[in-house]
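Here's a quick tour of the model before you dig in yourself. Keep the viewer open and follow along.

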Amino acid sequence: MSEDWKAYVRRIEDLAARSGLQFHPVDFEAVPDSFMMEIAVYGLPVRMPHWSFGVRYIYQLIQRHMGNSRLFEVVFPGNPGHAYLAESNGLAENILVTAHVLGHADFSRNNLLFRRCQEQVSEHIVEHAANHARQIQQAIDTYGRHRVELVLDAALALEQHIDVDQPLRRPKYPEYLPEPKPLVDDEFRKRFAALEPSAPFTAGEVRKRAPVPPHPERDLLWFIATYAPEMESWERDIFLAVREESFYFYPVFATQIMNEGWASYWHARLLREADFIPQQAYLDAIKCHSDVVRPIAADQQIALTINPYHLGFSLWEKIIEAEGLEAARKIMELDDDFGFVRNHLTRELADELGLFRYSARSDGQIKVLEHDLPALQESLLHQKYNFGAPSVAAKHIRVDGTLELVHDHVTDGRGLDPERSRKVLEYVHRVWRRPVVLTTVDGQGSGLELRTP
Amino acid sequence: MDERGGSTPLGLTKWYELFSRGARDWLRHDEKVRDSVREHLPQIVAGADVINDGAKTVRVPVRMLEHYHFRLRRPDDQQGAGQGKAKPGDVLQGPTRQRGAGEKGPGGQESGEVQLLLELKIDDIVDWLWEEMQLPNLKARVGPSEDTDWVREGWDRRGARSRLDRRRSFKQLVKRRGNPHATPSFTDEDLRFRQLARRRQPAVHAVVFFMLDVSGSMSDRDRKLAKSFFFWVVQGLRREYRSMETVFVAHTTEAWEFTEPEFFQVSGTGGTVASTGFLKVREIISERYNPNRCNLYLFYASDGDNSVGDGHAAREALRSVAEDACYTGYVEVSSGLSRQLATETGRLYAELAAAGYPAGSYALNDYDDVWGAVRHFFTAESKALENSP
């Protein structure tokens, strides 16, 4: 491929810095399309092997074959960040992508959610993930592919079930209940004790063991790795490796609209201000930009999914126009998609963009619903709550070691899909090695208990 | 490391150009599919169209495996957000299917789903499925007591050129090249030849009669069901018993003997007179086989609707066959309705079994159950055999 774009990287970086973007240095690397595709499938350049990635890989191959998906870049935050650019990109595309990547780098360095997760995971997730892959390969060599696969089946099935509000390296629960407060030895106490002299009041001589878990625990990966009665240490390590990668993926997931919007806003703006770009490349890049942020496919009138690039881009344009860059940077630092959409998607903007809500019946009928801003925001966000997974928590370990899981169907609004859930319980059962039960509700809303045999 | 400045030197390829992790995990996925296909083989292959054209393989469509996660139940009405020119109340898409039909579990087939077409060798399938099956009541009969045969056994460094095992030889070469000082090309030491050994096998001489009712009352589906039962039985038995002979008979109000390929294509119309079939079998036995020298079996498939006037004749004819047979089996194929063998012919076999003859019946209603039928006849009995001294 042409190496021309590399000449522009430094100049775009300078321009970005002058425009107020603050980013860690980024390593740019042009890689073959096949590798781009693998990064998209695995989410990381080097990641643990598992057959489920093979399934995604096939789908991705088909997508590419049908020309539906084209990947220009993938960027990994860190210090330095890593950006992979498709070798098939043209000069204009690469100029655009470079600016886009710097927008991401600014975002991931300053957004609080990213910062907190990077403090936990460190700024070297790419290297960590490669290290996990190597550890797991060693486990495969030692314990055999089949055993490792059973552990990964369970761990990856639970990959969304973490608690990012807790630290990555999390201590065990306290072993004992907190001691009751020492009683104040006041006048009343003395008179009270005098009533029953045979039973002197003794406080906290026997410390009570705390229950495990002390409260419903939604960090299932951590809980199982820490409290499974018969897990081997290498199996626990695999669970914790998956959990660490999930800590990295969470901010990417929870800020997608903001982050892609921010990067798109900046690639458009930097492109406009970059007077050093040849005329033709500039035109090509603008065309490429409009493809990326296009809300509706060219041959369609209506889209039933929202392009996050488009939505984020439009929101940021509005915010910066109305409140200025300083305010926008503040929002970028503090919000995630939930706050971003709820606070800044107004009725006017929704109408301007032509956003609507629809219901799709099980018989295939799709009908547009009436305007309702909070409900529209909800439709945009409901797939993102709780890392996109139902709220399932570990509630109790029975005396015989049975793990009790509970699904919070009130929060989620309906019960779990029983077939799939039963399969997940089977995965978990193989590492927990004692029975696993899960309570949820059925289609009629009455209690349903799923259990492993 | 600064990647920006230098490009990759010529001839030094990056690791990701040599190795595709996606392809590796894809292969692993396919391996798992094969394993699970193997586990569910009976249901999968029973319905496959295998009887035609002496095909050597079966194509089985399979879904991609799903790695399960906790998911919410699919609601009747899903809500989403869209974009474009649409007013409240617009119907963007009319109903396309029955209401409620969208609700499907993991077994459901959602649109856009990819299906793989797995090609399986019939030999392999039979290998997997016939592991524990055998002919019931097999007895040693007077006859040629042993067969001898050449079988492949082991490898040697010398041998006829035609039996050179290239794969093995190549492995040897690769192994030897682990040593850095080794000669890089093939040497005589690397060559491996397949060896043959003479094996003695006890001969059990068996003749299996397959008899099919092709009268008008048998629907196409019934006939196909019966034929696929026969197909898998023939495939399996033929592998287990080298010296097995097969005879194919079909009947309506008359009976004919067919060759195997004809038999699997045969169809007919008209009434049902089962006795003609049994008599035909009887006739063939008398002409060609000595019941004292070989094991005789009869498997009969019908919908059970024998003509009313034939009851007595059929009973007599069946008995006369059963006298000499090691086992007679009856498969009742009935579309949909499970009639539980409460038919003319069903009763005939029940009487036979009650009278102490080795006989058994099975009601086959569905393609999924073809292997159930095969198993019914070829496992239960063999276990009984093992138990007897």
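Which strand of chain B does strand S5 (residues 355-361) of chain A join, and do the two run parallel or antiparallel? The partner is strand S2 (residues 77-84) of chain B, and the pair runs antiparallel, held by seven bridges. Bear in mind that this is a predicted model.

**Where the chains meet**
- Chain A puts 70 residues in contact with 55 residues of chain B.
- For a specific spot in the strand pairing, look at Phe356(A), whose bridge partner in S2(B) is Gly82(B).

**Domains**
- Chain A comes in two pieces: domain 1 covers 297-386 and domain 2 covers 387-451.
- Chain B is split into domain 1 (18-67 + 113-125), domain 2 (146-202) and domain 3 (206-387).
- Domain 2 of chain B and domain 3 of chain B have C-alpha centres 46 Å apart.

**A helix worth a look in chain A**
- Helix H4 (residues 91-110) of chain A is 20 residues long and spans 29 Å from first C-alpha to last, close to the 28 Å expected at 1.5 Å a residue.
- H4(A) is also mostly covered, with 19 of its 20 residues buried.

Technical notes
Residues are numbered from 1 along each chain as its sequence is written. Chains are lettered from A and ligands numbered from 1 in the order in which they are written. This is a predicted model: local features need pLDDT of at least 70, side-chain atom pairs count only at pLDDT 80 or more; totals for chains, interfaces and linings use all residues. Two residues are in contact if their C-beta atoms, placed from the backbone, lie within 7 Å. Two strands pair if DSSP finds at least two bridges between them. Helices (H or I, at least four residues) and strands (E, at least two) are DSSP runs, numbered from the N terminus. Domain bounds come from an automatic or database domain assignment. The expected span of a helix is 1.5 Å times one less than its number of residues. A residue is buried if 20 or more other C-beta atoms lie within 10 Å of its own, exposed if 12 or fewer, and partly exposed in between; C-beta atoms are placed from the backbone.
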